[in-house]
Amino acid sequence: DFKEAIKWYQLSAKQGYAEAQNNLGVMYNKGRGVPQNYKEAIKWVGLAAEQGFGHAQTNLGGMYEKGQGVPQDYKEAVRLHRLAVKQGLAQAQYNLGVSYDRGHGVPQDYKEAVRLYRLAAEQGFAPAQYNLGAMYFEGLGVPQDHKEAVKWFRRSAEQGNAHAQNNLGVMYDKGHGVSQDFKEAIKWYQLSAKQGYAEAQNNLG
């Protein structure tokens, strides 16, 4: 019950608890239990970030990246992600990896993106596992290696990542890094398609 959660987060947040401030900010950001309000989100996530709460630092970085409630600022996003990376947070490692991958706020550097994705992927963070698989598939920042791509797509897919499920399906469909297996391909396409992933629905069609 989001409304009930909001009530408790507000009580704790006003008493200065960083985790509650961050959670309250996230609720405002997503519009869960309250009307979506980026300014309120920035206020609460910002208060938690000032206390050095890593999840809030990287969440605030994400808001600077997207220009939610603040002017878009990739450099500030990178600064905030770095603070959270120092605390070993997988979400922050992934976010900073994306910055290097896209060249947002830092010079584009695929090797550094791979290093950061790997740190997060090894902590079991599904989006990083997917991105690491994609880097191996394309040969960006690492030598191209379809077997290694399959390994990381599988780890992500098993956690329910729809992109990874579709890509694992493609690997079985085409016989990239695995023996070609249409049954296995269909299984992964279906799992992805059930989550509404259009590409997988298309691959089944």
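This report walks through a predicted model of one protein chain, from its overall layout down to a few single residues.

## The overall picture

Let's start with the whole chain. What does the secondary structure of the protein chain come to? The count is 12 helices and zero strands. If you follow the C-alpha trace along its principal axes, the chain spans about 60 × 40 × 25 Å.

The protein chain has 205 residues, and buried ones make up 46% of them. Among the contacts in the protein chain with a separation of 6 or more, 41% are between residues 24 or more positions apart.

## Helices H2 and H3

Now look at one pair of helices. H2 covers residues 18-30, and H3 covers residues 38-50. How do H2 and H3 pack? Their angle is about 160 degrees, and their axes are 7 Å apart. Because angles over 145 degrees count as roughly antiparallel, H2 is roughly antiparallel to H3. The crossing of these two helices is left-handed.

Which residues meet here? On the H2 side you will find Ala-18, Gln-21, Asn-22, Leu-24, Gly-25, Val-26, Tyr-28 and Asn-29, and on the H3 side Tyr-38, Glu-40, Ala-41, Trp-44, Val-45, Leu-47 and Ala-48. The residues of this contact between H2 and H3 divide into 10 nonpolar, four polar and one charged.

## Gln-21, a residue inside that contact

Gln-21 sits in helix H2 and is one of the residues that meet H3. Is Gln-21 buried or exposed? Its relative accessibility is 4%, so Gln-21 counts as buried.

To see what surrounds Gln-21, leave aside its neighbours within four places in sequence. Gln-21 is then in contact with Ala-13, Gly-16, Trp-44, Val-45, Leu-47, Ala-48 and Gln-51. With Ala-48 there is a specific distance to look for: a polar atom of the Gln-21 side chain lies 3.4 Å from the backbone nitrogen of Ala-48.

## Helices H4 and H5

A second pair is worth a look. H4 runs over residues 54-66 and H5 over residues 74-85, and the two pack at an angle of about 165 degrees with their axes 8 Å apart. That angle makes H4 roughly antiparallel to H5. The crossing of H4 and H5 is left-handed.

From H4, the residues taking part are Gly-54, Gln-57, Thr-58, Leu-60, Gly-61, Gly-62, Tyr-64 and Glu-65; they meet Tyr-74, Glu-76, Ala-77, Leu-80, His-81, Leu-83 and Ala-84 in H5. Sorted by type, the residues of the contact of H4 with H5 are seven nonpolar, six polar and two charged.

With 4% relative accessibility, Gln-129 counts as buried. Not counting residues up to four places away in sequence, Gln-129 touches Ala-121, Gly-124, Trp-152, Arg-155, Ser-156 and Gln-159.

Which side chain does the side chain of Gln-129 make a polar contact with? The partner is the side chain of Gln-159, at 2.9 Å. The Gln-129 side chain also reaches the backbone oxygen of Ala-121 at 3.3 Å. For a sense of scale, Gln-129 and Leu-60 are 69 residues apart in sequence and 23 Å apart in space, C-alpha to C-alpha.

## Two asparagines

Where does Asn-161 lie? Look in the loop between helix H9 (146-157) and helix H10 (162-174). Asn-161 has a relative accessible area of 13%; because buried means under 20%, Asn-161 is buried. Its side chain reaches the backbone nitrogen of His-163 at 3.0 Å. Leaving aside neighbours within four places in sequence, Asn-161 is in contact with Ala-126, Pro-127, Tyr-130, Ser-156 and Gln-195.

Asn-202 is in helix H12, residues 198-204. At 62% relative accessibility, Asn-202 counts as exposed. Asn-202 and Tyr-189 are 13 residues apart in sequence, and their C-alpha atoms are 9.1 Å apart in space.

Key: Residues numbered from 1 in each chain as written. Predicted model: local features only at pLDDT ≥ 70, side-chain atom pairs only at ≥ 80, totals over all residues. Heavy atoms only, no water. Axes fitted to C-alpha atoms, helices over the stretch in contact; angles between N-to-C directions. Helix = DSSP H or I, 4+ residues; strand = E, 2+ residues; numbered from the N terminus. Parallel < 35°, antiparallel > 145°, perpendicular 65-115°, else oblique. Left-handed = near helix turned anticlockwise from the far one by under 90°. Contact = heavy atoms within 4.5 Å. Nonpolar A, V, L, I, M, F, W, Y, C, P; charged D, E, K, R; others polar. Buried < 20%, exposed > 50% of the residue type's maximum accessible area, 1.4 Å probe, protein only. Polar contact = N/O pair within 3.5 Å; in protein donor to acceptor, adjacent residues only side chain to side chain.
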